[in-house]
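Here's a quick briefing to keep beside the viewer. Have a look at the chain first, then work through the notes by topic.

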Amino acid sequence: MNLTGLHFLLTYTCNYECDHCFTWGSPFASGTFTLNEIREVCDEAEKIGTVEIIFFEGGEPFLYYPIMLKGMEIAKQRGFKVGIVTNGYFGTALEDATEWLVAIKKIGIDALSVSNDELHYDDPKNSCATIVAEAARKLGLPVDFLNLEKPEDSLEKSMKEKGEPIVGGGVRFKGRAVEKLVEGLPRKPWDSFNECPDEDFEKLGRVHLDSLGYIHICQGVTLGNFKKTPLSEIVRGYRPQSEPIIGLLMTGGPAELVRKYNLEHEDSYIDACHLCYDARLKLRKRFPEKLAPDQMYGIMES
Ligand code: SF4
């Protein structure tokens, strides 16, 4: 195991409510970390000993700007690299975006990723994210864009270029995408999804932490809750093969969840994540702490 990255889901609140969002980010979601919780996570990261970088993301982390800044400062003081993922909503003008970024430059940042694509903005070439990136470049910050393609666009491209229907473009069909984006897309038989396309469960690599305490290897697939057991203990005790969800995903992908737990299923799904998400929804009652929180399954805290 080599856990090098911790990603704070600083909040599930977002000013947008994108169709593809796999954390179900929304203006109606609530909650954030306290500074003390950020300190405690950094203490635990030091104990783990392999963590190199700490990210601040969401939801939209700039909605909790002072907490994000102070959190970055705390992480930097402990010697970690820091990064941010944002949708760049605050880029109303170059001068204004620069003002938002000056304090970040002072603290020092190692990665600034700005979502800028047609899933977020009608015209990505003239979006507020573009203005943020320009301001960041002028300040010498290490900025890049996160670009996903609309599933229907990537489908059209694959038909033109390869003559076959492939849904690519980076969107994964979990979270809100399952409710909003699946209509009309090509599918494959459920039992063809025999591996997870993204996660290295053995190595671990990076985990996401939310303000409810859940530690996610994939959104809604948790290793436990750091508010109940210290993070370093959970990481040290992690045995992926014996985990009831992760172990099966390692053995035979999402199709193995269906086989092992004898789940009802559709004949076909768009991608592995689509089947995985559907199976997990059916398993939540049985594994409430492993498949949490409600937010990751589209149920907002009231
Ligand atoms: S298959 Fe499941 S665990 Fe793997 S990336 Fe997709 S949703 Fe996550």
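This is a predicted model: local features need pLDDT of at least 70, side-chain atom pairs count only at pLDDT 80 or more; totals for chains, interfaces and linings use all residues.

Residues are numbered from 1 along each chain as its sequence is written. Helices (H or I, at least four residues) and strands (E, at least two) are DSSP runs, numbered from the N terminus.

**Around the ligand**

- There are 13 residues around the ligand, and C196, D198, C218, C273 and C276 come nearest. A residue is near a molecule or strand here if its C-beta atom, placed from the backbone, lies within 6 Å of it.
- The elements giving two or more residues to this shell are α8 (246-261) and α9 (272-283). The biggest giver is α9, with four residues.
- By class, the shell has nine nonpolar residues, no polar ones and four charged. Ala, Val, Leu, Ile, Met, Phe, Trp, Tyr, Cys and Pro count as nonpolar, Asp, Glu, Lys and Arg as charged, and the others, Gly among them, as polar.

**α1 with α2**

- The axes of α1 (residues 35-48) and α2 (residues 65-77) come within 10 Å and cross at roughly 25 degrees. That makes the two helices roughly parallel. Axes are lines fitted to C-alpha atoms, for helices over the stretch in contact, and angles run from 0 to 180 degrees between N-to-C directions. Angles under 35 degrees count as roughly parallel, over 145 as roughly antiparallel, 65 to 115 as roughly perpendicular and the rest as oblique.
- On the α1 side, L35, I38, R39 and C42 meet I67, K70, G71, I74 and A75 of α2. Contact means C-beta atoms, placed from the backbone, within 7 Å.
- That contact divides into six nonpolar residues, one polar and two charged.

**α3 with α4**

- Here the axes come within 8 Å and cross at roughly 60 degrees, so α3 and α4 are oblique to each other.
- In α3, L94, A97, T98 and L101 meet I131, V132, E134, A135, A136 and K138 in α4. Sorted by class, this contact has seven nonpolar, one polar and two charged residues.
- Which residues of α4 (residues 128-138) are buried? They are C128, A129, I131, V132, A133, A135 and A136. Buried means 20 or more other C-beta atoms within 10 Å of a residue's own, exposed means 12 or fewer, and partly exposed is in between, with C-beta atoms placed from the backbone.
- Those buried residues pack against α3 (94-107), β4 (111-115) and β5 (143-146).

**Backbone points to check**

- A cis peptide bond joins G58 and G59, with omega about 20 degrees; G59 lies in the loop between β2 (53-57) and α2.
- Another cis bond runs from A292 to P293, with omega near -5 degrees, and P293 sits in the segment after α9.
- D294 is also placed in the segment after α9. D294 and G220 are 74 residues apart in sequence but 8.4 Å apart in space, C-alpha to C-alpha.
- L204 isn't a glycine, yet has a positive phi of about 75 degrees. L204 counts as partly exposed because it has 19 C-beta neighbours inside 10 Å.
- N262, in the loop between α8 and β10 (268-269), has a positive phi near 55 degrees. N262 is exposed, with 7 other C-beta atoms within 10 Å.

Notes:
Two residues are in contact if their C-beta atoms, placed from the backbone, lie within 7 Å.
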